[in-house]
Amino acid sequence: MGNLTNETILIVDLASGETYKEDIDEEFYESHIGGVRINLALFEKYQEEDPIILGTGLLTGTLVPGSALGIVTAKSPQTGKVCHAPICIYGGMELKYAGFDFVVIKGISPNPVYLWLHDEVADINDAVDLMGKDSWATTDELRKSLGEDIIQVLNIGPAGERQSDLAQIILNYWATGDRWGFGKLLGQKNVKAIALRGMGIFDLEDEEGFVDACADLFKAFKDEPSLSGKKGIIDIAAAMGEDITDWLSPIIHRHSADYNCPYPINTFVKYNEDPTILKETDVAETGFYLTDIYGLLEFKKMGLSAEDSCRMLEACAREGINAVAAADLLRKTGKTALNDLKQAVSGLTGPIESPEDSVFSPWSPKQPLFVDFGLPDDGSRNSEWWVRRQAVAYLFGIHPIFILMAPMLTEEKLINAVNLGTGLNITADTVDEAIKKVCG
Amino acid sequence: MDIKIDPIKCIACCACELACGYHWDDAMSPITSSIIVYRTREKKNYFGLMLKTEENLVLARPEGIEIQRIGEVQEGVEADPSAKPIMLRDACDMCDGVDGPLCVRFCPTGALYL
Ligand code: SF4
Ligand code: SF4
């Protein structure tokens with residue numbers, strides 16, 4: 001293994017059922033940096049075979065605050081363009097620790113399969129028994145059969161299997177930032193899931209220099225006064241001008257974080273048991289983990305209670321569909337009763353509004369959060385700033401929402417961390433070129 | 001002296017695992033850390049921490065802190081999945097020789113303290 005990387009691309013050829021690895025050399029990292037830029041290069045290389053690319057950044061899974069990001073790149077069935085979706089919580093880091101910085105999934109499998117990527121080994125396994133299962137049952141089943149409860153499972157629900165345009169890649173049980181219909185692509189390829197687990201270890205060029213740089217960034221985040229006391233989805237919504245405190249608070253259980261994010265971006269709500277219970281009970285499915293702020297707000301806008309909104313998000317995640325698109329279509333049905341809405345989820349079909357023209361997922365709020373970043377108050381520069389911030393996040397492997405509240409993660413500091421950790425000589429010019437290429 | 005843990009403040013970010021892994025391996029890896037974020041009950045959102053010290057296994061769960069003597073660790077604890085079972089890992093040495101315990105330094109919430 002190299003510094004901060006496995007130096008490995010995995011190629012999965014679904015048509016032949018074969019997998020093989022390719023090395024990544026230093027020059028390639030020096031010119032392409034990693035993350036979304038290498039994803040795009042791999043997409044272009046294999047584009048004749050409709051690839052789905054999974055990738056990580058050089059900083060994914062490291063002590064740099066916010067290092068949670070994995071990236072899925074493919075041609076969106078919704079927009080017809082090459083787009084990028086974030087994989088957070090523990091999914092991004094687990095891909096890298098499983099031994100693969102990048103994975104190219106190409107061709108179509110003749111039979112339903114799942115990929116099991118673990119400890120530098122890639123297996124293509126039969127998934128016949130998983131077909132028809134929702135994303136929760138798929139995750140439960142794979143964790144049981146593979147023997148570990150913290151295996152990360154990218155998967156599709158029934159919506160992906162029937163190749164719905166709304167299909168979203170789900171991470172374990174929860175929504176992701178896939179607003180591009182990538183779940184449909186996995187369905188077309190006959191890939192039900194990608195299970196990830198690994199024990200990687202990444203060397204550092206300048207050990208102390210790298211860790212000191214991480215500690216400085218970390219301290220700057222902790223010391224930022226605008227962030228003091230902020231946590232969870234309620235405060236993010238407030239920063240977006242949506243006051244959901246009274247509405248959501250009664251069902252909040254706890255807030256928790258994506259990998260190495262010092263801000264807990266996600267909030268768990270309980271509606272199948274008292275949310276104030278912290279100890280473990282026998283209730284197996286207690287509620288839902290809120291990872292999609294816009295999905296939540298869309299159901300709120302329909303006039304649903306917080307509990308019903310969260311139950312709808314659960315229904316969407318089980319089915320494996322994008323909750324924002326689902327809420328939009330459900331609104332048009334005129335249905336308002338929870339059971340009617342839940343039942344309608346499995347039959348939803350488009351047309352759906354395409355997310356606007358950015359190549360980065362609109363799952364991440366298009367504005368700074370909590371801190372002003374020196375932008376004008378009228379929001380006139382937010383859009384251009386957001387694209388650059390997302391590009392930087394997707395390039396290095398930083399959580400795309402976390403980077404909107406972390407002004408200390410400057411491009412200069414991230415480049416410095418990469419260079420200390422890897423011994424590469426990445427420059428601001430290389431970053432500019434990479435971003436230009438990715439943003440088109 | 002051991003690290004103190006307030007499990008309710010923990011947000012399961014795993015920074016402590018990475019920091020401790022660095023202490024043992026001079027690399028980025030959580031597989032040898034003396035502290036493990038216990039996160040196997042994902043659908044219940046039930047999580048806590050396990051810390052191996054010279055003499056004890058400290059289980060810091062939402063219910064509170066439970067200390068089990070090494071050698072008398074109850075069944076089931078080792079079965080909790082991790083890259084390397086915690087009983088096979090080095091015991092916390094309070095980051096011997098380093099300027100302040102690294103896990104405490106990187107814990108964003110004050111869940112770990114001295
Ligand atoms: S004090 Fe040091 S050795 Fe002990 S758990 Fe924390 S990081 Fe590990
Ligand atoms: S660093 Fe602190 S908040 Fe994060 S998992 Fe460890 S104890 Fe919990």
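**Close-up views of aromatic and nonpolar packing**

**View 1. An aromatic cluster in chain A is made up of A:W136, A:Y173, A:W174, A:F268, A:F288 and A:Y289.** The model shown here and in the views that follow is predicted.

**View 2. A:Y90 and A:Y259 form an edge-to-face aromatic pair, one of 16 aromatic pairs over all chains.** Their ring centres are 6.4 Å apart, and the angle between the planes is 80°. A:Y90 belongs to the loop between β5 (82–87) and α3 (91–97), whereas A:Y259 belongs to the loop between β12 (252–256) and β13 (266–270), so that the pair links parts of chain A that are 169 residues apart. A:Y90 is buried, with a relative accessible area of 9%, and A:Y259 is buried at 1%.

**View 3. A:W174 and A:F268 also form an edge-to-face pair, with ring centres 6.1 Å apart and planes at 85°.** Because A:W174 lies in the loop between β10 (170–171) and α6 (182–188) and A:F268 in strand β13, the pair ties together parts of chain A that are 94 residues apart in sequence. Both A:W174 and A:F268 are buried.

**View 4. The largest nonpolar core holds 188 residues, and those touching the most other members are A:F210, A:L248, A:F396, A:M405 and B:M28.** Leaving aside residues up to four places away in sequence, A:L248 touches A:I233, A:I234, A:V269, A:L290, A:L296, A:A306 and A:C310. A second, separate core has nine residues, among them A:W116, A:L130, A:L142 and A:V153.

**View 5. A:K366 lies over the face of A:W386, at 4.4 Å from the ring centre.**

Notes: Residues are numbered from 1 along each chain as its sequence is written. Chains are lettered from A and ligands numbered from 1 in the order in which they are written. This is a predicted model: local features need pLDDT of at least 70, side-chain atom pairs count only at pLDDT 80 or more; totals for chains, interfaces and linings use all residues. Side-chain values use heavy atoms; hydrogens and water are left out. A nonpolar core is a set of buried Ala, Val, Leu, Ile, Met, Phe, Trp, Tyr and Cys residues joined through side-chain atoms within 4.5 Å. Buried means under 20% relative accessible area, exposed over 50%, partly exposed in between (1.4 Å probe, protein chains only). Contact means heavy atoms within 4.5 Å. Rings of Phe, Tyr and Trp (its six-membered ring) pair if their centres lie within 6.5 Å; planes under 30 degrees apart count as stacked, over 60 as edge-to-face and the rest as tilted. Helices (H or I, at least four residues) and strands (E, at least two) are DSSP runs, numbered from the N terminus. A charge sits over a ring if NZ of Lys or CZ of Arg is within 6 Å of the ring centre and within 35 degrees of the ring normal.
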